[in-house]
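Have the sequence and the model open side by side.

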Amino acid sequence: MKKLLSILLAASLVFCLAACSGGTQKEEAKKLENITLCLDWTPNTNHTGFYVALEKGYYEEAGLNVTIVQPPENGAVQACAAGQAQFAVDAQDTLAPALTSDTPLGVTTVAALIQHNTSGIISKQGEGMDRPSGITGKTYLTWDSPTEKAIMENVVNSDGGDWSKVTLVPNTVTEEAQDVFNNPDHAIWVFYAWGGINAKVNSIDTDFFYFKDINPVFDYYTPVLIANNDFLTENGDSAKKFLEATRKGYEYAISNPEEAAQILIDGDDTGSLQGSEELVVESQKYLAGEYISDAEKWGYIDPARWDAFYAWLYSEGLIEKELPAGTGFTNDYLS
C-alpha cells in the first residue's frame with residue numbers, strides 16, 4: 001500500500017509540474033508584445049533582415065510577436081501614422097511630403113535599411129548612356145514624379161547634356177533589363193540590387209550609373225524604416241528591442257546571404273518571388289555589402305547627408321517648407 005501511494009504521489013507531482021510548466025509557457029506567450037511591420041512593396045531583398053529575424057526567433061527572444069504585412073492602398077506611411085502598424089518601410093524622398101504638409105504625419109525614420117542610395121540609370125550597353133549626358137536625344141521612362149524629374153534634369157545637365165532634348169514616356173515596365181535590350185534608346189531608373197542584378201542573371205549587357213556618383217546630394221536614404229511617433233513615445237524600450245532584433249537579422253543576412261535568401265523566399269506569402277530564386281540569391285549577395293557598407297553600424301543615418309537632400313528639395317521648390325536640421329529621423333533607438 002505504501003509503495004502504491006508513493007507511485008501515485010510521484011505521478012501526481014509529474015502531472016502537477018507539467019501543468020505548471022504548460023501554464024508558465026502560456027503566460028510567457030501572452031507576454032509577447034504584438035508588433036506590426038508594414039512593407040513598402042512585395043517582399044524583396046531590401047526586407048530580408050526582417051524575415052531572418054522572424055525565422056531565427058530574434059523577435060520572440062526580444063519579447064515581440066511580429067507580423068509582416070503588405071501596404072494598404074493608401075500606403076505604408078499612412079498606415080504607420082494611423083497606428084495600424086508600429087513600423088513601416090519607406091524612403092527619404094517619398095517621406096518629404098509627409099513631413100512638410102500643413103498636418104505632418106506622425107512618423108519618424110529610425111533606421112536606414114541600406115546605407116547608400118543604390119539607384120541609377122540602366123540602358124543597353126554601348127548606346128552612350130553610361131553617363132547622364134548620353135541620355136540627351138534618347139527616351140527616358142518616367143514615373144512622372146516632380147522629384148524624380150528634377151533629379152534627372154540635374155544629373156543630365158550637370159554632366160553636359162540637355163534635359164530638354166530627352167523624350168519622356170510613361171514607365172510601365174516590370175522587366176527593365178529586357179526592355180532596354182529590346183529598345184536601345186530607352187533609359188530607366190532602377191535599384192541596382194534588383195534591376196541591375198536581374199540584367200546580370202539574364203546575361204543582358206547593360207550600362208549603369210549611380211545618381212550618388214554624379215551628385216553626392218543624391219546619396220539620400222532609400223529604403224528606410226519608420227515608426228509611429230506615439231509608439232516611440234510610449235514604448236521606447238520596445239522600439240529598441242525591435243531594432244536590436246532586426247539588426248541581428250540583417251547582420252545574419254550579411255554573413256549568410258544564400259541562406260538568408262532562402263529564408264526570404266520561404267517567408268514570402270505573396271508568391272511574388274516564385275521563379276526568381278536565382279535573382280534573389282544574387283541580389284542578396286550584392287546587398288550583403290550594402291546594408292552597412294562604410295557606416296559605423298547597421299541602421300545609422302548620417303545627419304549631414306539626410307539634411308543635405310532635404311535642403312536641395314527646398315532650394316528646388318520641390319517642398320514648400322524648409323525643414324530644420326535633423327527633422328524626420330533619429331538614431332536614438334539603435335543599439
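Start with Val-173, which sits in the loop between strand 7 (167-170) and helix 7 (176-182). The model is a predicted one. With a relative accessible area of 23%, Val-173 is partly exposed, because buried residues must fall under 20%. Beyond its neighbours up to four places away in sequence, Val-173 touches Leu-141, Asp-179 and Ile-188. Now look for Ser-158. Val-173 and Ser-158 are 15 residues apart in sequence. Their C-alpha atoms are 27 Å apart in space.

**Ile-214**

Ser-158 comes up again in the contacts of Ile-214. Ile-214 lies in helix 9. Is it buried, partly exposed or exposed? Ile-214 counts as partly exposed, at 21% relative accessibility. Leaving out residues up to four places away in sequence, Ile-214 touches Arg-131, Pro-132, Val-155, Ser-158 and Phe-209. Ala-82 is 132 residues away from Ile-214 along the chain. The C-alpha atoms of Ile-214 and Ala-82 are separated by 37 Å.

**The nonpolar cores**

In soluble globular proteins, nonpolar side chains tend to be buried together. Here the largest nonpolar core has 59 residues. Which of them touch the most other members? They are Phe-50, Phe-87, Leu-225, Phe-242 and Trp-298. Helix 11 (residues 236-255) gives this core its largest share, 7 residues.

Apart from neighbours within four places in sequence, Phe-242 is in contact with Ile-35, Phe-50, Tyr-59, Leu-64, Val-66, Phe-87 and Leu-225. Of these, Phe-50, Phe-87 and Leu-225 are themselves among the residues that touch the most other core members.

**Helix 11 against helix 12**

Helix 12 spans residues 257-267. Its buried residues are Pro-257, Ala-260, Ala-261, Ile-263, Leu-264 and Ile-265. What covers them? The cover includes helix 2 (48-55), helix 11 and helix 13 (277-287).

How do helix 11 and helix 12 pack? Their axes are 5 Å apart, at an angle of about 125°. That angle makes helix 11 oblique to helix 12. On the helix 11 side, the contact is made by Tyr-252, Ala-253, Ile-254 and Ser-255. On the helix 12 side, Pro-257, Glu-259 and Ala-260 meet them. By class, this contact has 5 nonpolar, 1 polar and 1 charged residues. Pro-257 and Ala-260 are also on the list of buried residues of helix 12.

His-47 is found in the loop between strand 1 (33-38) and helix 2. His-47 counts as buried, at 0% relative accessibility. A polar contact of 2.8 Å joins its side chain to that of Asp-40. Not counting residues up to four places away in sequence, His-47 touches Leu-39, Asp-40, Trp-41, Thr-42, Val-89 and Tyr-250.

Arg-305 has its place in helix 14 (residues 303-315). Buried or exposed? Arg-305 is buried, with a relative accessible area of 16%. Setting aside neighbours within four places in sequence, Arg-305 is in contact with Gln-115, His-116, Asp-219, Tyr-220 and Tyr-221.

**Backbone features in loops**

Pro-223 lies in the loop between helix 9 (211-214) and strand 10 (224-228).

Asp-144 and Ser-203 belong to the next topic, phi. Each has a positive phi although it is a residue other than glycine. Asp-144 lies in the loop between strand 6 (139-142) and helix 6 (146-158). Ser-203 is found in the loop between helix 8 (192-201) and strand 9 (206-210). Both are exposed. The table sets out their values.

| Residue | Phi | Relative accessible area |
|---|---|---|
| Asp-144 | near 65° | 53%, exposed |
| Ser-203 | near 55° | 64%, exposed |

Definitions and conventions
Residues are numbered from 1 along each chain as its sequence is written. This is a predicted model: local features need pLDDT of at least 70, side-chain atom pairs count only at pLDDT 80 or more; totals for chains, interfaces and linings use all residues. Side-chain values use heavy atoms; hydrogens and water are left out. A nonpolar core is a set of buried Ala, Val, Leu, Ile, Met, Phe, Trp, Tyr and Cys residues joined through side-chain atoms within 4.5 Å. Buried means under 20% relative accessible area, exposed over 50%, partly exposed in between (1.4 Å probe, protein chains only). Helices (H or I, at least four residues) and strands (E, at least two) are DSSP runs, numbered from the N terminus. Contact means heavy atoms within 4.5 Å. A polar contact is a pair of N or O atoms within 3.5 Å; within protein, one must be able to donate a hydrogen and the other to accept it, and residues adjacent in sequence count only if both atoms are side-chain atoms. Axes are lines fitted to C-alpha atoms, for helices over the stretch in contact, and angles run from 0 to 180 degrees between N-to-C directions. Angles under 35 degrees count as roughly parallel, over 145 as roughly antiparallel, 65 to 115 as roughly perpendicular and the rest as oblique. Ala, Val, Leu, Ile, Met, Phe, Trp, Tyr, Cys and Pro count as nonpolar, Asp, Glu, Lys and Arg as charged, and the others, Gly among them, as polar.
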